[in-house]
Amino acid sequence: MNTAIHFAERIKESMKNFNYHIPTDIYFGKGKIRVLGDKITAIGQNILLVYGGGSIKKSGLYDQVIDELNRAGVTVSELPGVEPNPRIQSVRKGIEICRAKGIEGVLAVGGGSTIDCAKVIAAGACYEGDAWELVLDARKITKALPVASVLTLAATGSEMDGFAVISDMEKNEKWGTGNDITKPVFSILDPEYTFSVSKYQTACGTSDIMSHTFENYFNRVPGAYLQARMAEGILKTCIKYAPVAMEEPDNYEARANLMWASSLAINGLISYGEDAAWAVHPMEHELSAFYDITHGAGLALLTPYWMQYVLREETLPRFVEYGVNVWGIDPEQEDMAIARQAITKTREFFDSIGMPSHLSELDIDDTHFDVMAMKAAAGGLAYGFVPLDKQDVRRIYEMAL
């Protein structure tokens, strides 16, 4: 048995050099919407308000936001109806408004999809070409209007990073883009705004948080010991509080911990100093692009199959750490037994919160596997925890059927 030997001791590699900068001011807690009026003028006097399907009006948040904006004396234009997998068409509509109205800043009120849409609107308003070019090539984002957000869903972490994912369903394409320029200037995180989130969306959001953490945690730089321990803490937080939030939707402690976990999972805290090339996200993006499924559900479905596929002698130490430190598995067992139990417990957890475990549950068959695998593999999978090509991706899809 080698369970007493840490991953960092088995494969010697130092933490990588990095530059770390998070320009986003976070206002976290009950009643923090009261800072919106004072802070919004820092991003402009002529604001585009971006939001989704109307839940913020049912909850009363919309009225609170409008009151704060009116108090600040800003001019407000609106883009409602942003989709759960935000479309390039919505981005283009927002850009048209920005140009027609002389918009100076973009305020997103909603979850990650709304914030993602706002980011690309902000960049597209400063770009002469079509916004889809910015989605395909983030290097073309050289300027953007300032962005701010009021968060209503713990999931993507978009409130504290520069990334955005946009879809063109006419082309069955979904791609990530963004950089430091599109990081929000400030974000308001009041856990009470997530009380109305359904059980299903809470589960999907938690799955997304965990997937972001997995993508960073499973890497080949074991010398980043501190980042790994923080990642384990985020995973344990999700495992502890997701069931509580689902059964007690107005449990502030649960909602607050999930909301902060969402931000920390992807704001760079657990990824800088490592070589983290994401694997499951590119594969899931293809599922969403072709079938418009909920992103977190797709991630929960695929992740344990990816884990099974990449488990081997050279990756075993990290799986052992995961099993012992996150799931509390007895370290006196054989390493491979620990790793397999850890993967089983991952699947059991996702099952317990109502996430799908087979593609057939979502009416997905192998019709598009070849093109999906090709597109996913083109997204940098050759540089991941275990390098994958299109044949590997197709095999993982087949395992998930």
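## A hairpin and the overall fold

D168 stands opposite E173 in strand β7. The model that shows this pair is predicted. Strand β7 covers residues 173-178, and strand β6 covers residues 163-168. The two strands run antiparallel and are joined by six bridges. Between the strands of this hairpin lie four residues. N172 in the hairpin has a positive phi near 55°.

The overall dimensions come next. A compact globule of 401 residues would have a radius of gyration near 21 Å, and the protein agrees with this because its own value is 21 Å. The C-alpha trace spans about 65 × 45 × 45 Å along the principal axes of the protein.

The table lists some values for the whole protein.

| Property | Value |
|---|---|
| Share of the 401 residues that are buried | 57% |
| Accessible surface of the protein | about 16000 Å² |
| Share of the accessible surface that belongs to carbon and sulfur atoms | 50% |
| Distance between the centres of the positive and negative side chains | 3 Å |

Contacts can also be sorted by sequence separation. Among the contacts in the protein with a separation of 6 or more, 80% are between residues 24 or more positions apart.

Charge is the last topic. The protein carries 37 positive and 53 negative side chains. The centres of these two sets lie 3 Å apart.

How values were computed:
Residues are numbered from 1 along each chain as its sequence is written. This is a predicted model: local features need pLDDT of at least 70, side-chain atom pairs count only at pLDDT 80 or more; totals for chains, interfaces and linings use all residues. Side-chain values use heavy atoms; hydrogens and water are left out. The radius of gyration is taken over C-alpha atoms; the globule rule is 2.2 Å times the number of residues to the power 0.38. Buried means under 20% relative accessible area, exposed over 50%, partly exposed in between (1.4 Å probe, protein chains only). Contact means heavy atoms within 4.5 Å. Accessible areas come from the Shrake-Rupley method with a 1.4 Å probe; for residues, only the protein chains shown count as cover. Lys and Arg count as positive and Asp and Glu as negative; His and the chain ends are not counted. The place of a charge is taken as NZ of Lys, CZ of Arg, CG of Asp or CD of Glu. Two strands pair if DSSP finds at least two bridges between them.
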